[in-house]
Amino acid sequence: MSNAHSKLNVSDFFALIKLIKPRYLYLVLGTVLGAIAVGLQLLVPMLAKDLLNHIPQGVNFHLLLMVGILFVFSIVLGALSGSFLGFFGEDVVYRLRERLWSKALSLSIPYLDNHQSGQIASRITNDSMQVKNLLADSLPRMATSLLQLVGALILMLLMDWKMTAIMFITIPLILLILLPIFRLSSAVARKRQDALATLNGNISEVLNNVRLVKSSTAAKVEQTNGSKHMRKLYQLGIKEAIYDSVIGPTTGVMMLALIVAVLAYGIYRISLGSMTTGTLMAFLMYMVQLIVPFTTLGQFVTEVAKASGATTKIQELLNVTEEDTNSGLNVNVANKSLTMDDVSFSYDTGPEVLHNVSFTANANEVVAFVGPSGSGKTTIFSLIERFYQPTSGGISLGDNNLNDVNLTHWRNQLGLVGQSANIMSGSIRYNLTYGLNKPATDEDLWQALELASAKEFVAAMPDQLDTYIGENGTNISGGQRQRLTIARAFVRDPKILMLDEATASLDPESEQMVQTALNKLMHKRTTLVIAHRINTIIDADKIYFIENGRISGSGNHSYLLKHHPLYRQYFENQIKKAIRLFRFLNNAIRFIINIIIIMKAQLSLDLFLFPRFYRYCMWNRPGNPISTKMVEYRF
Ligand SMILES: Nc1ncnc2c1ncn2[C@@H]1O[C@H](COP(=O)(O)OP(=O)(O)OP(=O)(O)O)[C@@H](O)[C@H]1O
Ligand SMILES: [Mg+2]
């Protein structure tokens, strides 16, 4: 084959089939019944030969009946064989898809970061079909075709070896002519699979971000992008159509030429008397029968090419190391401290985003992380969730290394309210109890909604808890989405609560209410909180200030305020309005006090001066002999 991808790695293919453990009984029954049907079909020309040779003596009804019975049996057995192979194929594709879906769900976040979700979806939907087509359709058909070829060859050899030799020498010649076209066709088929997967990925990405596309008026750009992929598929489709249309008639014409040649040779032999008409007719019948196996051979090459591309991609996906959710210790998180010790981390091949981060969250403490955008706060949470592994350093839970703790058990005890309020399409009840491993009554759900300040809007919805929310919560507001995710955390009642900007998109009034609820939720459990708003973290037991992936200061609020200039600046920025109001009030009060002081001074002055003034007035009356003394008095 022209390139490595179109070669079927047989051991890979069978390893894949072994892995999915299909119902082989269906395959065996389908193939055996198919083989019997083919065997019966092979007998038909033999009987027909005798039937034809007997025609001059009259119709042999016994033989005619036999041929009829053979036809009926081969139809029934062929149909049964097809059904069993169909069952087998559906079983293969079902098991393969289940296996791939389970794999997709256990893929690690770093792998998912680097692969388009549409491509992974394509493995599950399209590639599994190719494997099924090869295993349940092409392979059995190939087996029966080979049987038909070999059977026909033997029977023909028994009838007339010279004639058979001519036929079987010409057939490889025909194949030789067709092979390059088969090769081209299979290479195109493989490329089409790849292009289809890319288009799949592109379409699902664009539709997932359709709001961004519309608001950025990027529909035209996406139209062009999509068109490029579709054009490629179109061109490949055109090529495939050309190859297929060349293969079809070429095979047909070659077979026709062969039939003509055999017919001519046969008539010549009949004229010589070395062959009967019945034998020639039988030969022709075999040749017609052989058209199907030869077409199957041609298609088989294409099917192998398609399946080999699909198998390689499926194997690649199945070989990806998945998250280990089974092994590890079941450690109860309650009353255990969580420690990050000298952790450095970089995403994939990118630069290091966390440098020597160390902190401890003691049991039931509230630990806050503050810092500029992009400083690495969410990354710390991702490491705690074990979405990624630290490049160096470690995380421990009590005396255990966190990696020794069973992953499912660990995550079951965590409650994460993330930066993007993730909502699944489904009812509100479905979202609130998503992944919950304990029963929750309606009462529990309403209580959680109330605590998350979400009860009112859910109660006002037409079907309340059963109201359907669209994909990504499209028919509720951003704040409502966030309140639902907080309610989900309340329902989950986790041992460690992680809040990443949980109240960021709430209005001040709901934020206040949710904050009060969160304060209750934080009670008696370890809470890690990332917040830009100071009122969320001011009461935290410890605050870590993260700058460019480093902890540049830690302590409680008043300590950091005194000792960390950037924290102080951050704090002051947050309370700017409050400071302005305070300054205004301060100035106003000062002003009032000053006025009062001045007035008071004036009053006291007045009280002090009044008697003198009075006296002055009285003494300076005309005719008062001592008035001259008071003239110099100044007010
Ligand atoms: N999946 C990822 N792959 C590669 N780099 C990433 C990934 N996620 C985050 N980063 C990078 O890591 C750095 C820290 O990102 P992180 O999300 O932890 O910041 P943050 O402090 O939470 O910011 P914000 O306050 O804006 O949420 C950033 O430089 C970011 O570009
Ligand atoms: Mg973040």
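**Salt bridges and their surroundings**

The count comes to 14 salt bridges, a salt bridge being a side-chain nitrogen of Lys or Arg within 4 Å of a carboxyl oxygen of Asp or Glu. Before we go further, please keep in mind that this is a predicted model, in which local features need pLDDT of at least 70 and side-chain atom pairs count only at pLDDT 80 or more, while totals for chains, interfaces and linings use all residues. Residues are numbered from 1 along each chain as its sequence is written, chains are lettered from A and ligands numbered from 1 in the order in which they are written, and side-chain values use heavy atoms, with hydrogens and water left out.

Let's begin with Asp160 and Arg269, whose closest N and O atoms are 2.9 Å apart in their salt bridge. This pair connects distant parts of the chain, 109 residues apart: Asp160 is in the loop between helix H5 (117–159) and helix H6 (161–208), and Arg269 is in helix H8 (residues 219–272). Helices here are DSSP runs (H or I) of at least four residues and strands (E) of at least two, numbered from the N terminus. Both Asp160 and Arg269 are buried, with buried meaning under 20% relative accessible area, exposed over 50%, and partly exposed in between (1.4 Å probe, protein chains only).

A second salt bridge joins Arg411 and Glu385, with 4.0 Å between the closest N and O atoms. Arg411 sits in helix H11 (residues 407–412) and Glu385 in the loop between H10 and E4, so this pair ties together parts 26 residues apart in sequence. Arg411 and Glu385 are both buried. They also belong to a network of salt bridges that links Glu323, Glu385 and Arg411.

For another example, turn to Lys455, which pairs with Glu450 at 3.9 Å between the closest N and O atoms. Lys455 is partly exposed, at 34% relative accessible area.

Back in the loop between H10 and strand E4 (392–397) you will also find Arg386. This non-glycine residue has a positive phi of about 65°. Most residues other than glycine have a negative phi. Arg386 is buried, with a relative accessible area of 12%.

In total, 13 residues surround ligand 1, the closest being Ser373, Gly374, Thr378, Thr379 and Gln419; a residue counts here if one of its heavy atoms lies within 4 Å. The shell has 3 nonpolar, 8 polar and 2 charged residues, where Ala, Val, Leu, Ile, Met, Phe, Trp, Tyr, Cys and Pro count as nonpolar, Asp, Glu, Lys and Arg as charged, and the others, Gly among them, as polar. An oxygen atom of the ligand is 2.8 Å from an N or O atom in the side chain of Lys377, and an oxygen atom of ligand 1 is 2.9 Å from a polar backbone atom of Gly376. Asp113 places a polar side-chain atom 3.4 Å from a nitrogen atom of ligand 1. Taken alone, the ligand exposes 640 Å², of which the protein buries 63%; these areas come from the Shrake-Rupley method with a 1.4 Å probe.

Asn422, in the loop between strand E6 (414–417) and strand E7 (426–427), is partly exposed at 48% relative accessible area. Its C-alpha atom is separated by 7.2 Å from that of Thr485, 63 residues apart along the chain. In helix H20 (residues 576–619) lies Ile593, which is partly exposed with a relative accessible area of 42%. Together with Leu581, Phe584, Leu585, Ile589 and Ile597, Ile593 makes a nonpolar surface patch of about 600 Å². Such patches are made of residues with over 30% relative accessible area and no salt bridge, nonpolar side chains (Val, Leu, Ile, Met, Phe, Trp, Tyr) being joined within 5 Å and like charges within 9 Å.

Key
A polar contact is a pair of N or O atoms within 3.5 Å; within protein, one must be able to donate a hydrogen and the other to accept it, and residues adjacent in sequence count only if both atoms are side-chain atoms.
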